[in-house]
Structures are given as structure tokens and as C-alpha cells.
Amino acid sequence: MPNPLPLVIVDAANVVGSVPDGWWRDRRGAAERLRDSLVPYASDGLPGTPGPVDLVLVVEGRARDVAPVPGVRVAAAPGSGDDLIAELAAGAAAETAPRPCVVVTADRELRRRVEAHGARCTGPRTVRPGA
């Protein structure tokens, strides 16, 4: 049975990298802090996408071992995080009853790729004030 909730995909590397707070010293820790800060969005939603939502944090590289928490699924990209995000957006569009999909990233090329599948994009400030 398809998931009826809107899908919100967060590009962890892009959102974490949007604030120069030393994240590069502990990529996994930075991704875990982002994951934890996303929990309220699972129930509350984002501007233009009321909650609850199916929230997925896409991680890659050294952050690949980040575990999920209630409200935030974590998808570890075996290679490029952008490729997995595009695949997830395409999957949401291809469901029997396509569901809304929002991708949180500032990456222009990734935005182009997911918008081709009907996803709406929003920037890191949506989930990380000060970004």
C-alpha cells in the first residue's frame, strides 16, 4: 500500500554544509545533530507542506552510519547522495497515487533533476535557520 504522506527528502550533506560551524571535523555528528533537529518537521511539516510528512534524511560518506530516530528515516547512499535523492523523488512520482515530494537542498543541479520528477524544492533555511 502506498504511503499517503507527502515525502520530504533532506540532502544532509548540502544542508549541513550550509553553515560553516566546523561540521567537517565530525561529519557523522553534524548529520546526527541535523537529524535530531528535523524531528518536529515530521509532525509539523514545512511551509507549503503541512504535516505529518514522511521525512527522509539522505546521508553519504562518513555520515553513512547515522541511525534513524522516530519521525526521521535515514537513507544511506551507497554512492552519490544526489543520485539517491533523485531516485527517491522519481519513486514518489511513480507511485500508483503519486504523492507530493519536497526536496531540501541548495544544489542547483539536484534541484533540476528532482523538479523533472515533479518535486518541489526548498533551501536549507527551511529546516536550518541561519543557513
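Trainee: Which residues of α3 are buried?

Mentor: Buried means under 20% relative accessible area, exposed over 50%, and partly exposed in between (1.4 Å probe, protein chains only). In α3, the buried residues are G81, D82, L84, I85, A86, A89 and A92. This is a predicted model, where local features need pLDDT of at least 70 and side-chain atom pairs count only at pLDDT 80 or more, while totals for chains, interfaces and linings use all residues. Residues are numbered from 1 along each chain as its sequence is written, and side-chain values use heavy atoms, with hydrogens and water left out.

Trainee: What covers the buried residues of α3?

Mentor: Look for contacts, meaning heavy atoms within 4.5 Å. The cover includes strands β1 (7–11), β4, β5 (72–76) and β6 (101–104), together with helix α4. Helices (H or I, at least four residues) and strands (E, at least two) are DSSP runs, numbered from the N terminus.

Trainee: How many Å apart are the end C-alpha atoms of α3?

Mentor: The expected span is 1.5 Å times one less than the number of residues. For the 14 residues of α3 that gives 20 Å, and the end C-alpha atoms are 20 Å apart, which agrees.

Trainee: How many salt bridges does the structure hold?

Mentor: A salt bridge is a side-chain nitrogen of Lys or Arg within 4 Å of a carboxyl oxygen of Asp or Glu. The structure holds eight. One of them joins the side chains of D83 and R113, at 3.0 Å from N to O. D83 lies in α3 (residues 81–94) and R113 in α4 (residues 108–115), so this pair ties together parts 30 residues apart in sequence. D83 is partly exposed at 41% relative accessible area, and R113 is partly exposed at 26%.

Trainee: Where do E109 and R112 sit relative to each other?

Mentor: An α-helix has 3.6 residues a turn, so residues three or four places apart point the same way. E109 and R112 are three residues apart in α4, about one helical turn. Their side chains form a salt bridge (2.4 Å, N to O), and E109 is partly exposed at 43%.

Trainee: Which residues do salt bridges that share partners join into one network?

Mentor: The network joins D54, R73, E95 and R99. E95 and R99 meet at 3.2 Å, N to O. D54 lies in strand β4 (residues 54–59) and counts as buried at 9% relative accessibility; R99 is also buried, at 11%.
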